[in-house]
Amino acid sequence: MSANQHDGPLVEMRDIVKVFGTINVLRGIDFAVGKQEIVGLLGDNGAGKSTLIKILTGVYTPSGGQIYFEGQPVQINSPQDARAIGIETVYQDLALVPLMSISRNFWLGQEITRRIGPLELMDKDEMNNRTRQALLDIGIHIRNADEPVGSLSGGERQSIAIGRAVYFGKKLLILDEPTSALSVGETAKVLEYTKAAKARGMSVIFISHNIGHVHKVADRFTIISHGQKVGDFRKDDVNEMEVASMVMTGEVPERLRLPVQE
């Protein structure tokens with residue numbers, strides 16, 4: 001078995017602690033995502049989910065604990081470090097440039113060029129063609145890759161950000177509130193693209209306040225409350241009402257509690 005193949009989770013965060021001044025925001029959280037697994041990360045406002053994700057993506061440094069990626073301990077000190085190992089985050093506000101075309105956004109920082117004599121020019125036709133094909137591969141049809149991103153709807157922008165992560169071979173896709181402010185139809189599409197990313201081999205962390213949306217795509221839920229983990233629950237073992245109750249109260253329903261070992 002090669003060094004980058006192992007049977008454990010793709011990413012594992014063990015005993016993660018984060019302290020800001022005198023405030024313990026995260027109090028020893030364990031969080032894992034398996035290969036080709038979609039995990040819904042849920043919690044009320046202030047529960048600590050954003051802080052946990054910012055640690056995983058290198059925005060914050062943990063005060064304690066260790067992150068493992070593909071079985072190896074890693075230090076993620078910046079968003080560049082996270083990207084380099086294959087973690088891509090699609091934030092609510094999206095890192096897309098509205099005045100640029102779809103294909104320019106898709107290839108931002110990794111533009112395809114061609115030489116004409118002494119000049120190196122951007123190969124717009126090649127970028128347009130590859131963008132169109134890459135998005136088509138996960139079921140996204142665009143009218144024109146030259147169209148400015150600013151003319152697209154929220155759902156279309158989300159889909160391009162997801163398509164870009166899939167195309168560039170990322171291993172873990174983090175979707176931060178991807179369906180907020182979307183219509184019902186657009187939400188359904190974003191949920192389909194999320195499943196398409198999984199089908200193409202990616203793992204996904206789906207963060208949302210809308211439990212109904214997460215429930216449609218997630219294999220498992222991790223619920224946190226006041227900086228501590230309430231628990232991990234497979235979708236088959238728990239219903240939407242129970243999930244909502246745990247998010248609001250931080251209490252696990254009696255039937256889901258593990259029997260106490262004698």
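Student: What share of the accessible surface of the chain belongs to carbon and sulfur atoms?
Tutor: This is a predicted model. The accessible surface of its chain comes to about 13300 Å². The share that belongs to carbon and sulfur atoms is 50%.

Student: How does the radius of gyration sit against the globule rule?
Tutor: The chain has eight helices and twelve strands. For 262 residues the globule rule gives 18 Å. The chain is close to that, so it is as compact as a globular protein of that length, with a radius of gyration of 20 Å.

Student: How far apart are the centres of the positive and negative side chains?
Tutor: The chain has 29 positive and 32 negative side chains. The centres of these two sets lie apart by 4 Å.

Student: Which geometry do the rings of Trp-107 and Phe-168 adopt?
Tutor: The structure holds seven aromatic pairs. In the pair of Trp-107 and Phe-168, the ring centres are 5.4 Å apart. Their planes stand at 90°, and over 60 degrees counts as edge-to-face, so this pair is edge-to-face.

Student: How many residues apart in sequence are the parts that this pair ties together?
Tutor: Trp-107 lies in the loop between α3 and β7. Phe-168 lies in the loop between α5 and β9. The pair therefore ties together parts whose separation in sequence is 61 residues.

Student: Is Trp-107 buried or exposed?
Tutor: The relative accessible area of Trp-107 is 4%. Buried means under 20%, so Trp-107 is buried.

Student: Which residues form one aromatic cluster?
Tutor: Tyr-167 and Phe-168 also form an edge-to-face pair, 5.1 Å centre to centre. The cluster consists of Phe-106, Trp-107, Tyr-167 and Phe-168.

Methods: Residues numbered from 1 in each chain as written. Predicted model: local features only at pLDDT ≥ 70, side-chain atom pairs only at ≥ 80, totals over all residues. Heavy atoms only, no water. Helix = DSSP H or I, 4+ residues; strand = E, 2+ residues; numbered from the N terminus. Rg over C-alpha atoms; globule rule 2.2 N^0.38 Å. Areas by Shrake-Rupley, 256 points an atom, 1.4 Å probe, with all protein chains shown as cover. Lys, Arg positive; Asp, Glu negative; His and termini not counted. Charge placed at Lys NZ, Arg CZ, Asp CG, Glu CD. Phe/Tyr/Trp six-rings, centres within 6.5 Å; stacked < 30°, edge-to-face > 60°. Buried < 20%, exposed > 50% of the residue type's maximum accessible area, 1.4 Å probe, protein only.
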